[in-house]
Amino acid sequence: MRDADIIERIQRELGGKVAEIANPAPRRFYLKILPPDLVPATALLRDRLGMTHLSTISGVDKGETFEILYHFSIPEADLNLRTEIPKDKPHVASITPIIPGAILYEREIQEMLGLTVDNIPDGRRLLLPDDWPDGQFPLRKDWKHVRPAEVIPGGKS
Amino acid sequence: MKFQIPIGPQHPALKEPISLRMTVDGEIITDADIRLGYNHRGVEKVAEAKNWIQNIYLVERICGICSHSHSTCYVQGVEKLMELAPPKRGMYIRYLVSELERVHSHLLWLGVAGHEAGFDSFFMYVWRDREIVMDLLELISGNRVHYAINTVGGVRRDLDEGQKAKILEGVATLRKRSEYYLHIGANEPSFVARIAGVGFLSLEKAIALCAVGPTARASGWPRDVRKEDPYAVYDEMDFEVGTADSCDVLGRVVVRVKELLESYKICEQILHKLPPGDIAVKAPRKAKPGEVVSRYEAPRGENIHYIKSNGTDKPERLKVRAPTLGNYPATVEMLKSGFIADIPLIFASIDPCICCAERAVSLVNIRSGEETIVRLSDLRRRSIEQHKNAPPKRNAVWPF
Amino acid sequence: MLNKLVRWSRIKSPWILHLNSGACNACDIEIVAALTPRFDVERFGILLKATPRHADVIVASGPVTRQMRERLIRIYEQTPDPKFVIAVGACAMSGCVYRGSYNIMGGIDQVIPVNIYVPGCPARPDAIIDGVVKLLGKL
């Protein structure tokens, strides 16, 4: 399928759910979707276009908002779904009812960025250690780490 | 009564710490839980403080076995951001190292699989032959691991005729040896019987849980990033994607052996078609604002990097998802309704690269609620003992 | 007399425990490669043991992550005296590329005392064997 065919197919299947589609490079599509439409759009794409393979979920801290990208792929193209949620009410719906393999990626963005994924089946920490203090979210832009002083055994510090 | 057993972070079998808690009922595992985080080094945060060139060396050290795959995936993405077109010769050399790395990784894994199944002499033989590949890689790049041959815009070192001849000779020797191992593996009924039927993962589950790489291809999932998203050189090469239908550890061994043989073919094609010319173009210091998604077929599966830049010389966001992380939900599924004795084998069959995601194994005894730490070496010994006198399984036959 | 015998056996056949505290795995593969026929560290009597309670020497690699810190200390305490620690690789010495990350303590010597440092990224198997032999010479 050529890129133009894919754009036309997505617009036909999703209708008003997709706010904009960008095609910056061959085989790469970025779809902008509003947060309430996320789960229905994912379900439609899975059923109509066979989009079952989720590669990962990335989160970017843009200052006032969080931008979350869902990187899907079908044999003909890579579809990246983008949503933005405000930082003061950081909630996004979980897509695990549709894509069960998304669970680990959702746990990771929850702990790294400090947002909440609603209806997540298992919301424990994934990567950060057990004794990590609450409320510290490493991937936020305003979070800085101050390294404690090192002790060099047998020498000058 | 149900037991839960923890296999602690430090164990000798898997060279890396990871924690799996498994709920067992007698000998059968009913549930498994993975505890990651022992190997979390905060690479994504560190990458935001280094510039594009320094990040090549950081990203390479995410993993020691698939280091070139992370480095290449990153550099592919940055080159797209900077709109650079590296010269053909540079691309060919880069992907030659990729295929040699795939060979080295699969040979490593074959040795580990043999070791887990109790076939230690196979392990020693395969790792001796892996040294041939390590020598070739050292010839090309100067180091056995962490080749650092990529730079933004191409590669750093060139190949001359003497090196080319040595590589072709090495690949020919390896091909002969690999076919010999194939012959041994296929004709050793206890080895085949040990691994057939273990670690079952059906195709529907593999698709739903987003498994990648040979783990999913052994269940009949025919996708490979080299065929779908052919970056640079792969659309000019003639090779096939290996799949298997048996959905178990035997299928995964078969898929990896098929990939090994295809890699030799690709290496020879690259060397015969190597064009003359430059090996790199000059890259600008700053990248234009934008974002890029870069995918790559590492030996373990699909590797994806998402890079976002804001016009400076440091990335705004670098997101890395290594293939082993994508296989974890599938591993949990495979462990359910398996035997305790099969844990090392199932776990080794996804080719875990724990540094790409760290783990240890712990089994918790549901019945009494007490935790016993079972070392994977004990589990392995137990499993070998248990299967030594078992009758060979009826349909455990090597498929080709 | 018994002391001399014990000391001779410790030098002639040190048993090692391989520990990975958050490394990228390259040094660990090189440690395992030191056992394979080409480098063959077993000719020195060195045996790779599974449990800290049997080991004389801890061969550790990797920068120490916060999660691994207590485990590392616990394993060090479980190893019976006299014990020696070899830190393999640039990560174990000072943290390598990950210095400054929020989850890394630094080198292994921030957590347990180290006797021998083997540099390299990754340290070649020949260098690891050299480090072990130098340790035996010091005993």
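Two residues are in contact if their C-beta atoms, placed from the backbone, lie within 7 Å. By that rule, eight residues of chain C are in contact with seven residues of chain A. The chain C side divides into two nonpolar, four polar and two charged residues. Ala, Val, Leu, Ile, Met, Phe, Trp, Tyr, Cys and Pro count as nonpolar, Asp, Glu, Lys and Arg as charged, and the others, Gly among them, as polar.

This is a predicted model: local features need pLDDT of at least 70, side-chain atom pairs count only at pLDDT 80 or more, and totals for chains, interfaces and linings use all residues. Residues are numbered from 1 along each chain as its sequence is written, while chains are lettered from A and ligands numbered from 1 in the order in which they are written.

Chain B has domain 1 (3-40 + 333-388) and domain 2 (43-324); the bounds come from an automatic or database domain assignment. In chain B, 19 residues of domain 1 are in contact with 25 residues of domain 2. Three helices of chain B each give two or more residues to the domain 1 side. Helices are DSSP runs (H or I, at least four residues), numbered from the N terminus.

| Helix | Residues |
|---|---|
| α13(B) | 328-335 |
| α14(B) | 343-349 |
| α15(B) | 376-388 |

α14(B) gives the most, with five residues. The domain 1 side of chain B comprises twelve nonpolar, three polar and four charged residues.
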